[in-house]
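Student: I have a structure to read and some questions about it. Can we take them one at a time?
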Amino acid sequence: MADCIHLLPDAVANQIAAGEVIQRPASIVKELIENSVDADASKITIIVSDAGKTLVQIIDDGKGMSETDARMAFERHATSKITKAEDLFAIKTKGFRGEALASIAAVASVDVKTRAKGEAIGTHIRISASEVELQEAEACPEGTNFAVKNLFFNIPARRKFLKTDQTELKHIINEVQRVALAHPEIRFKLIHNNHDILDLPKGNVKQRIVNIFGRHMENNLIDVKIDTDIVRLRGYIGKPEKARKTSGEQFFFVNRRFMRHGYYFRAVASAYDRLIQNNSYPQFFIYFDIDPDKIDVNIHPTKTEIKFTDERPIYQMLHAAVKEALGKFNLVPSLDFEKDETMGIYSGPRTGFKAPDIEVNPNFNPFEEEKKSASSFQSKSNYPTENFNKNTDDLKHWQNLYPEQESETTDQQQSIPSEERQQTQFFQVKQRYIITTVKSGMMVIDQTRAHERILYEQFVALLSHRKGIVQKSLYPVSVQLNPEDFALAMELMEKLNGLGFDLSVFGDSSFVINGLPADIVVDDPKRLIEELLENYKTQSGEIKPELDQRIAWAMSRTSARHFIRVLQAEEMQELFYRLMECKVHNFTPSGKAIISIISVEELEKRLK
Ligand code: ADP
Ligand code: MG
């Protein structure tokens, strides 16, 4: 048989390579602005027409190219960024594969005008479908100016697959945002069909975020910071109440390169667990700083997927850093207790209520809870000390509903002085809703959901302290379970006993309930256990919370379900303030709304 293998002509090989790297106008934008960043530009202007289908132009003030380099740059595997294989593990630049320009020039017409720093004259090269059409000396500013015209003009099949201008433009904006967020020290300008889309002055990361996403971000960002031997993490996360229904404001950067990472995404999302509604997405801008030889950037042509050597430990660090940031902030979502009298609630007859003190305990950190004494907290806090003088009557109210609560949380977190509490009026509707007035109108609280949230936080605290609590002893009740449930019960037994249950194994598939936590109101302990197991099993969502949280969740749901009854004024008061002192008070652990505020305007509309 005659030999039939031959090398493909360069133009064809380049076109094939372009298939991977250049999918749409946004790919060109990405590659070219990354080249400008690598060329140490301090200003990058991106001009596009028709969502980049007819023109993508990138102008930078970087170091430019000599005449020979400008010509070489379009060869496949031509790069100034690495020279040997080992360099692949010490990459500090955005590019290194040397294929972007060759690929772009294979599927479009490219004009480049460039002048290297210190050179008197620049170079102009035109390449179309891999053919050099023009090369000449030309006077031009220092830096580089690429104009890419008529993308895919020579591959109609691919041109046909481009989406609407709106979609393609959106991709372009995304790419620019990613590089811009990674490099706030560079000025970026994006112009589409003569309209300014982005104009981002130099600044720090926070200013860049605000410039891109709007002023509302300013008060929404919480610092994240962790330093370890493996990785350094910096950045911001959004407050839970600002989580959005659409993903989008979620960014990881590794050594200043945008990255997608599903596994790390879950590390962040799971730290928000129980703080945001199901199906909403927290915002985050997290920058990883890591030794380049601990990652592999070269696993995908577009370099947005990155492999980490220490993937698992980093997951844990990231998760802990986000959790700590959320904890430190000790967020009180939705009821924006502003720093002054503009806060929306508690106006009515109450006076002298210090709103900001409820809002934030800046020193609160769930990881240090045990170490910190109440006094050290008080000294750092700006909470007026006299407000801590609780009278004994007050304590009694607290004990009515949540008996063991005089310990931990009351001291650790801010409690609301009794004289403040007594002045707020509450009404109950249908044994299910509690109503009170707030500055902006009327607040409706779902009683069982509020109860569930309070119990949940209490159980989580108890479980984390592993502290036995008072048990109500019972006439022993035995529970027979199917093998699966029995296995689960065995698994959870120790934890449940830590919560104040007194359970012991009895035979092959049954156990005995000797006692229950003091604060659980049930008439059928057997059903409680069955329900608890059921609730535990059916907890949905793709993120599985930790064991403690799952138990706490199941417990709170089970015990709160029956909380439909007439409440005395004091009990409503207690429930309300306990809810306000929860870390999260607007959603149940399963993400259902607890509070609804009906504004005066809404009432006015209804009564028109
Ligand atoms: P890579 O970025 O992987 O090196 P490219 O094909 O994107 O490959 O670019 C090839 C080379 O062209 C780069 O290594 C760089 O030396 C040069 N180059 C590209 N764009 C610019 C620019 N805007 N300013 C200066 N040099 C550039
Ligand atoms: Mg490049």
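Student: In which strand is Phe 285 found?
Tutor: Keep in mind that this is a predicted model. Residues 284–290 form one strand, and Phe 285 is found in it. That strand is E13.

Student: Is Phe 285 buried or exposed?
Tutor: Buried means under 20% relative accessible area. Phe 285 has a relative accessible area of 0%, so Phe 285 is buried.

Student: How far apart in space are Phe 285 and Phe 251?
Tutor: In sequence, Phe 285 and Phe 251 are 34 residues apart. In space, C-alpha to C-alpha, the distance between them is 4.7 Å.

Student: What span should helix H6 have?
Tutor: Helix H6 covers residues 165–182, which is 18 residues. The expected span is 1.5 Å times one less than the number of residues.

Student: Which side chain has an N or O atom 2.5 Å from an oxygen atom of ligand 1?
Tutor: Start with the surroundings: 20 residues surround ligand 1, and Asn 35, Thr 79, Ser 80, Lys 81 and Gly 98 are the closest. For the side chain of Lys 81, the distance from an N or O atom to a ligand oxygen is 2.7 Å. The 2.5 Å distance belongs to Ser 80.

Student: How much of the accessible area of ligand 1 does the protein cover?
Tutor: On its own, ligand 1 has 530 Å² of accessible area. Of this, the protein covers 93%.

Definitions and conventions
Residues are numbered from 1 along each chain as its sequence is written. Chains are lettered from A and ligands numbered from 1 in the order in which they are written. This is a predicted model: local features need pLDDT of at least 70, side-chain atom pairs count only at pLDDT 80 or more; totals for chains, interfaces and linings use all residues. Side-chain values use heavy atoms; hydrogens and water are left out. Helices (H or I, at least four residues) and strands (E, at least two) are DSSP runs, numbered from the N terminus. A residue is near a molecule or strand if one of its heavy atoms lies within 4 Å of it. A polar contact is a pair of N or O atoms within 3.5 Å; within protein, one must be able to donate a hydrogen and the other to accept it, and residues adjacent in sequence count only if both atoms are side-chain atoms. Accessible areas come from the Shrake-Rupley method with a 1.4 Å probe; for residues, only the protein chains shown count as cover. Buried means under 20% relative accessible area, exposed over 50%, partly exposed in between (1.4 Å probe, protein chains only).
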